[in-house]
Amino acid sequence: GRAPREGGEPFLYNLFSDPEIITLPGAVRWLNGPLAWIIAKTRAPMSREGYKQVLDGGSPQLRTTLAQGAAIEAALSTRGVSAKSYIGMRYWHPYTDEALAAIKADGVQRLVVLPLYPQFSISTSGSSLRLLEHEYYQDQQLRLLKNVVIPAWYNRQGYVHSMARLIASRIDMLPEGERAGAHVFFSAHGLPQKYVQELGDPYQQQIEATVSFVMARLRVLGYSNPDTLAYQSKVGPVPWLQPYTDEKIKELAGGGVSSLVVVPISFVSEHIETLEEIDIEYRELAEEAGITHWERVPALGVEEDFIEDLASAVVEALPRMEQRPLQEIDEGRPVSLRVVNDLVSLRSKEEIGAEYGPVRVRNYRRGGFTPKAGGING
């Protein structure tokens, strides 16, 4: 979701009160709300200043997402599929329940859920799918709607090729003498280490695989530049995935690197973490550290190959609405919301006594990625 002019503080509260963002032990889980309120109050002025500095107070994320939805609709039409896109955001309008209300009003009969996170994480796609399932299975009408989820698409050719092409175009913008030695710097959104080490979150593995795929494609295109992966946007005192973007930039500069081509690898639309954190904060840091040439690869937005491939993913998912998933989400295979519990612990069924079509299921329990994940995630 986005942090608009008037909604920065509510947006931040919604974000940090999500138990998948800040996970507290059961005995003190009630502190999620008060803690989120404190963080929102503290960070809102900085967030507003960041948006004011680069975005005139607002974010382009919703506008870009609407354009992506329209482009996918058009691409599906050329494949003989008549479809309408609906946008549900996690922490701001249009919320998930607003999207579902529109789906019900339009009488939709088949639904493909397509998270715009290329890589799966409990804290991103997992959190959104948890909420979606909670809303979905409380509603008798929605429970009868056939659905399928595409949990990840980091390994799809259109995504990889589009990223490689954009990187190549930015390398070519450097002075000729800088191109061959330019360092391709992938900056991914960070994640607390415990998600990977204790919960079995596949995010880091999928990010690293994405970088490998993109660099392999660059080599096919004739580029042999060195590369680095680092993680940005750390919040709080706990260890996050490393290396950290700011520390790695200084290390590379200290090692003699003079040109960086910076790639926001886990983002598909521009927002404050690309336009302010990367373009301003990290660029200033890089210049102070001695980097003399800086090119930032834009987010994919509505790049044609990218959109066409997402449309293909939707078409490929349609026959699977009647099938159980055959492989883990590491394969990026489409799955039904009814089996999202195979991917991430969803306590909503236990809380609401969820129904599956005409069958009511009580005391439904299933673990997360690991036994410890099941315990931590309820």
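Visitor: At what angle do the axes of helix α11 and helix α12 cross?

Guide: This is a predicted model, where local features need pLDDT of at least 70, side-chain atom pairs count only at pLDDT 80 or more, and totals for chains, interfaces and linings use all residues. Residues are numbered from 1 along each chain as its sequence is written, and side-chain values use heavy atoms, without hydrogens or water. Now, α11 (residues 245–254) and α12 (residues 272–289) cross at roughly 25°, their axes coming within 9 Å. Axes are lines fitted to C-alpha atoms, for helices over the stretch in contact, and angles run from 0 to 180 degrees between N-to-C directions.

Visitor: What makes α11 roughly parallel to α12?

Guide: The cut-off: angles under 35 degrees count as roughly parallel, over 145 as roughly antiparallel, 65 to 115 as roughly perpendicular and the rest as oblique. The crossing is at roughly 25°, so α11 is roughly parallel to α12.

Visitor: Which residues of α11 meet α12?

Guide: T245, D246, I249, K250 and A253 do, against Y282, L285, A286 and A289 in α12; contact means heavy atoms within 4.5 Å.

Visitor: And what is called the largest nonpolar core here?

Guide: A set of 63 residues, with Y159, I167, F186, V263, I265 and F306 having the most contacts inside it. A nonpolar core is a set of buried (under 20% relative accessible area, 1.4 Å probe, protein chains only) Ala, Val, Leu, Ile, Met, Phe, Trp, Tyr and Cys residues joined through side-chain atoms within 4.5 Å. Helix α7 (residues 157–171) gives the most to this core, with 8 residues. A second, separate core of 14 residues includes I249 and A253.

Notes. Helices (H or I, at least four residues) and strands (E, at least two) are DSSP runs, numbered from the N terminus. Buried means under 20% relative accessible area, exposed over 50%, partly exposed in between (1.4 Å probe, protein chains only).
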